[in-house]
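Dear colleague,

Please find below the structure that I am handing over to you. My notes on what was found in it follow directly after.

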Amino acid sequence: MADLRHALAEFGHDIGIPNLAPGPQGELQLRFPGTGALLGVSTHEGWAVVHYAEPVRYDAAALVLRALRQAAKVPEPAQAVQAGLRSTPEGDWLVLATRFPEQELGGRRIHQAADFLRSEERRVGKECRSRWS
């Protein structure tokens with residue numbers, strides 16, 4: 001957890017949130033105030049896992065299908081993306097996740113993964129919204 005703690009401190013410094021650290025379970029989850037989206041970072045069995053979850057405000061099935069298709073097109077195998085739908089009492093969420101070897105863990109690597117996942121979500125959402133309008 002020391003490596004994760006250091007990486008999150010670097011990431012927090014980069015995004016303007018000082019003293020960013022994992023919680024008691026050894027992971028971090030941030031909520032974006034404007035959109036309600038969530039960004040999570042954790043480690044598991046030698047991997048660093050970054051996930052981005054966005055509330056679904058329209059046809060969940062079409063959005064997830066589009067996300068799965070987009071995830072399959074990622075050209076770089078090292079930047080593989082998993083996509084799925086999570087239903088909670090608060091509503092449905094499109095969840096995108098990527099992982100990389102824990103030894104690559106650092107603030108810059110977390111930032112790259114988060115930016116990549118957010119751009120994938122925006123691409124999927126934009127295409128779905130244009131089809132429904």
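Helices (H or I, at least four residues) and strands (E, at least two) are DSSP runs numbered from the N terminus, and two strands pair if DSSP finds at least two bridges between them.

Please note that this is a predicted model, in which local features need pLDDT of at least 70 and side-chain atom pairs count only at pLDDT 80 or more, while totals for chains, interfaces and linings use all residues. Residues are numbered from 1 along each chain as its sequence is written, and side-chain values use heavy atoms, with hydrogens and water left out.

Strand pairing

S2 (residues 38-44) and S3 (residues 47-55) are antiparallel partners over 7 bridges, with Val-41 opposite Val-50 in S3. These two strands form a hairpin with 2 residues between them. Glu-45, in the loop between S2 and S3, has a phi near 50 degrees, a positive value in a residue other than glycine. Glu-45 is exposed, at a relative accessible area of 69% (buried means under 20%, exposed over 50%, and partly exposed in between, with a 1.4 Å probe and protein chains only).

S3 also pairs with S5 (residues 91-101), in the antiparallel sense over 9 bridges. Here Ala-53 stands opposite Val-95, and Pro-55 stands opposite Trp-93.

Asn-19 is exposed, with a relative accessible area of 75%.

Aromatic rings

A search of the whole structure finds 1 aromatic pair. Phe-32 and Tyr-52 form this pair, which is tilted, at 6.2 Å centre to centre and 55 degrees between the planes. Phe-32 lies in the loop between S1 (28-31) and S2, and Tyr-52 in S3, 20 residues apart. Tyr-52 is buried, at 6% relative accessible area, whereas Phe-32 is partly exposed, at 27%. Rings of Phe, Tyr and Trp (its six-membered ring) pair if their centres lie within 6.5 Å; planes under 30 degrees apart count as stacked, over 60 as edge-to-face and the rest as tilted.

Two arginines lie over ring faces: Arg-99 over Trp-47, at 3.9 Å from the ring centre, and Arg-109 over Phe-100, at 4.2 Å. The criterion is NZ of Lys or CZ of Arg within 6 Å of the ring centre and within 35 degrees of the ring normal.

The largest pocket

The largest pocket has a volume of about 170 Å³. A pocket is an open set of points on a 1 Å grid over the protein atoms alone, where a 1.4 Å probe fits, with protein on both sides within 12 Å along at least five of seven lines; lining residues have an atom within 4 Å of a point. Grid points are joined across faces, edges and corners, and the volume is the space filled by probe spheres set on the points. Among the lining residues are Arg-31, His-51, Arg-86, Ala-53, Trp-93 and Val-95. S1, S3, S4 and S5 each give two or more residues to this lining.

Yours sincerely
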